[in-house]
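Please keep the structure open beside it.

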Amino acid sequence: MDEQIDYVRLGLKVGLEIHQQLDTKHKLFCDCPTELADSSTPVSEVERYLKVTKSEVGEVDPAALYEIKRGRKIIYQIPKGHACLVELDEEPPHELNREALKITIAIAKALHSRILDEIYVMRKIVVDGSNPTGFQRTAVVAIGGYIDDEDGRVGIQTICVEEDAARKIDEAAGYVKYNLDRLGIPLIEISTAPDIRTPEQAMRVALRIGLLMRLTGKVKRGIGTIRQDLNISISEGEKIEIKGVSKLELIPKVIRYEVQRQLKLMDIKRELRKRGVRADEITCNIKDITDILRSSNSKLVHRELRKGHRAYAIGLKKFKGILGVEVQPNRRFGTELSDYARAWGGVSGIIHSDELPKYGIIEDIVVSIYKYLKLDPERDAFVVVISDRERAERALSAVVERVRYALVGIPKETRGANPDGTTRYLRPQPGAARMYPETDVPPIRIDEGLLKEAELLKPKTPEELLKELVSRHGLNKEMATQLIKDPLLPMYLDLVRELGELIKPQLIATTLLIYLKGLKSEGLNIDSLTEDDIKKVLQAVGDGRIAKEAIPEVLSAYLRKNVENVEEAINMFTQISVEELRQLVRKIVEENKNAVSRKGTKAFGLIMGKVMSLVRGRIDGKIVANVVQEVLQEFHSEDS
Amino acid sequence: MGNPEGLEVGDLVRVVKNNIVLEGVVMPATEFTSPDVVILKLGNGYNVGVSVKNAKVEVIKKSYAHIGGEALRARTSISGRGTLRLSMISTGGTIVSKVEYETGAVKPALTAQELIELAPELLNEVSELEVIELFRLLSEDLTPSHWSRIAEEVAKRIESGAGGVIVAHGTDTMSYTAAALAFALRNLPCPVMLVGAQRSSDRPSTDSVLNLRACPVIASRAPFGEVVVVMHGHTSDSYVLAHRGVKVRKMHSSRRDAFQSVNDIPLARVDFPKKTFKLLNRRYLPRSSLQNFTVRAKFSSKVALIKAYPGMDCGIIDYLVDKGYEGIVLEGTGLGHVRRECIDAVRRACEEGVIIVMTSQTLFGRVNMKVYTNGRKLILAGVIPGSDMLPEAAYAKLSWLLANVRDRDEVRALMTCNLVNEINEVHDAEIYPRWYHG
Ligand SMILES: [Zn+2]
């Protein structure tokens, strides 16, 4: 569908907010290390509650805020050696980490941003418990700047340094649990202007910024160390914030799906107007339909009812078919309503008439519900929530509010990215963040000394890097140019740094740009390959265990799940010596001696085929041919 | 700490520098702000520091935001649905300080309404809640004359029938004030509760909420009529302790469970979230009737508290005597010693009529000056052994005795006499903390 959408004509505007963990020795405001704990790290626990003032809602999901206000317990796991009294909010923060500041300045300089003269740390209120203080410490380090892209220059708004939040590890009714190891790891936050015009441009810019950060050699790598947020709008739509896109490759998809969603929601609005639906007809008149649903055979329903929950329904006049409209792949308007019910009511979701009969709720029951709610099955719709009364009321009134807004257009939302590129509703967009000065941390004057030290970390420009790929890595110009634009460039640079002594950069580039793409075109999921997997395979080439031609075969065997792990795949293709090969050929000739005798010299093709199926990739084909020839001659001379 | 270029706090300005334009409201400078830097609050809420050197600065609007102090609010009150008459006297400190997010200015005020916002359930427990703002002082700035003012104010509230009095106080010297009030206010009909915060009340993680919530529970449930310090018992928000005011000490510079009883156990604890009251210490002063309540609020400011240390200059003692000091509390080493060279200075002080009391810098344990020679010599010189009194409690006691008891021999006698459980004759093995040993 993408080809038909002219994003420029739709007035697409995208801004990026990129968060990247910095690889500093210490955390941002204390002297703890920046490595995460592992499962063997001993932990102790502390329990806290947060005070929430009504004017300071900030970025919290409504249901979570409701729980916190009702006194939800927050449990903090303190992993020994990974968190101290500062993280626990039992000791004032130390001075802002100068190493983190230097890295931030270096990246800001590469983005042509203006470094401020004196840095002031702020407290941004966050009451979901992810920070024991109830706020995140953050500071603007630089303002303005730009990054160039083939579709035009994209402005930079602000560059901040801030502390990462604690890691949520468990959540249930009444409590939420966090591990404090991640809390306080320095993050750089780069916000671009909404100058991006196409989904592809967004990915290129994110890639370019990501690369620039990687080239300082001072940022963390691996899962969870980088996170992209997007804000997306089209002319007739609304500016939507999307949080937590963890994979670069997902960015264009997320944008396309969001544009699709906004267009679909506008279609729904037009359809509702055509049907003459009025806002005052959409009311939150909740009916208890437990007795009707009890007669169904639905396992889902009975599981909920056994918990003592009841089923509550509201009718939506003239909404037949609307809840079933697909707004994103596999997400209907009803799914959007379900998000609202979950976010506001803390319920597990909704059941709506456009998806029934389903879940073991048969047609007869659907008819009974329509009848009980005094609705027209041909024209109307209904929504059911199974929960306790209080949660159901909050969930259904949120659903009603959302349905009413369908008449107006697209609500301003903060949404979360799903792994497939679709998004889900999280919360309404907060107003301007509440910021207090962090009075416990003195300001830092940016002086010449600090700027000079930062200069040493400044990443290379793409042009400088291209030159280096050609002159120092020995790549040809074409491949170097391609590599510069590829999302795998950071991985390439890592692999060169780690294996450069052992194998040629050329082979690493070929593996990433040609072999992997080939495997992908065969339909294999190359996303499941980690940098470590690839490194092991290349290492095996460097060690002489496998031939370089075997690389695609090893990866293919691993991806096809023919083997347990990449190590086994490597073993399958481990090189054999000429002597081993000779033994193998002799064995095969012996096994097929009747055919060989019969065919005479023409037996070469038969034996060669059988041998190659066993040794392909483990030894050069030319050697195999020679050995097969020799062994056959040997056989025939003995035979005659 | 003035702003450069005649800019005033609250002005909306535009700063143009190296092609970057910054617009924001001028914020008050901090102690560490460079002289050429102006702090701007930008539209996104962030504060940034910009040097006005080589910059074009333009005032868009003078006094765009109002940033100013507020006068002391003498008394505010609020009615609730409960039965307890609760008074709170605010002296300042972290518990009442709030940073205004618009300006960054610290506002150390607290009204009854704001107290309710901190702990809304108070409305269900009190019939009336009054807040009297007495001072706005950091605890290190309080003197014995402030103790007198606080004691008088608390007495007024008690005499007017309060069922409990809270004193909001900075934590650094809270135990000094607590001890002073314990000597000044006798035969209390209700608990007097000193409450503070290690994290200011404007923070979502403030410890003041739990400490304050414990107060009505203690006021209505405690059998004792004593001055207590009501603070977190644990780094978790799990329980709050009521420590005896003469036996408590701030033992950590920043933790919320910094306050601990020394040479005694806390009087009571309140467990959360259920708010159950548990009496921990059977040795307490029971609540008295209002008729028997007495107040003697005077304190002498001519008492010094000094710590013995290796190489201590004995001239320090001579100096105090020459300055007309009436009493000295010594924080001696170990069982209660100062270096041999200083014994003559101590003898001269005692001969001049200065009352010298010995406590121990070990804090835990009791002084015993009969074990070693220097101790015996100090006794002969006229030093009064302070038993297991905390140096702070001995200091407040001596200051109170010297202001209220004319006869010096009587002062000396009362100093060793247990008045309000400031001396604990029996130390159980349990009352010494278990430290972490790996
Ligand atoms: Zn730490």
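The crossing of α3(B) and α4(B) is right-handed; a crossing counts as right-handed if the near helix is turned clockwise from the far one by less than a right angle, and left-handed if anticlockwise. Helices (H or I, at least four residues) and strands (E, at least two) are DSSP runs, numbered from the N terminus. The model is predicted: local features need pLDDT of at least 70, side-chain atom pairs count only at pLDDT 80 or more, and totals for chains, interfaces and linings use all residues. Residues are numbered from 1 along each chain as its sequence is written, chains are lettered from A and ligands numbered from 1 in the order in which they are written, and side-chain values use heavy atoms, with hydrogens and water left out.

**Helix pair in chain B**

- Helix α3 of chain B spans residues 144-159, and helix α4 of chain B spans residues 174-184.
- Their axes come within 10 Å and cross at roughly 55°. Axes are lines fitted to C-alpha atoms, for helices over the stretch in contact, and angles run from 0 to 180 degrees between N-to-C directions.
- That angle makes α3(B) oblique to α4(B). Under 35 degrees counts as roughly parallel, over 145 as roughly antiparallel, 65 to 115 as roughly perpendicular, and the rest as oblique.
- From α3(B), the contact uses B:Trp147, B:Ile150 and B:Ala151. From α4(B) come B:Tyr176, B:Thr177, B:Ala180, B:Leu181 and B:Ala184. Contact means heavy atoms within 4.5 Å.
- These contact residues divide into seven nonpolar, one polar and no charged. Ala, Val, Leu, Ile, Met, Phe, Trp, Tyr, Cys and Pro count as nonpolar, Asp, Glu, Lys and Arg as charged, and the others, Gly among them, as polar.

**Helix pair in chain A**

- α8(A) and helix α10 (residues 389-405) of chain A pack at about 135°, with axes 8 Å apart.
- That makes α8(A) oblique to α10(A). The crossing is right-handed.
- α8(A) contributes A:Phe333, A:Glu336, A:Leu337, A:Tyr340, A:Ala341, A:Trp344 and A:Gly345. They meet residues of α10(A), including A:Arg391, A:Arg394 and A:Arg402.
- The contact residues of α8(A) with α10(A) divide into nine nonpolar, one polar and four charged.

**Aromatic pairs**

- Over all chains, the structure holds nine aromatic pairs. Rings of Phe, Tyr and Trp (its six-membered ring) pair if their centres lie within 6.5 Å; planes under 30 degrees apart count as stacked, over 60 as edge-to-face and the rest as tilted.
- A:Tyr340 and A:Tyr425 form a stacked pair, 3.7 Å centre to centre with 15° between the planes.
- A:Tyr340 lies in helix α8 (residues 333-345) and A:Tyr425 in strand β22 (residues 423-428) of chain A, so the pair ties together parts that are 85 residues apart in sequence.

**Domains**

- Chain A has domain 1 (2-271), domain 2 (278-406), domain 3 (462-572) and domain 4 (578-639). The bounds come from an automatic or database domain assignment.
- In chain A, the C-alpha centres of domain 2 and domain 4 lie 71 Å apart.
- Chain B is assigned domain 1 (4-61), domain 2 (74-295) and domain 3 (303-415).
- In chain B, 41 Å separate the C-alpha centres of domain 1 and domain 2.

**Backbone spots to check**

- The bond from A:Leu356 to A:Pro357 is cis, with omega near 0°. A:Pro357 sits in the loop between β19 (351-352) and α9 (363-372) of chain A.
- B:Phe272 and B:Pro273 are joined by a cis peptide bond, with omega about 5°.
- A:Asn330 has a positive phi of about 65° although it is not a glycine.
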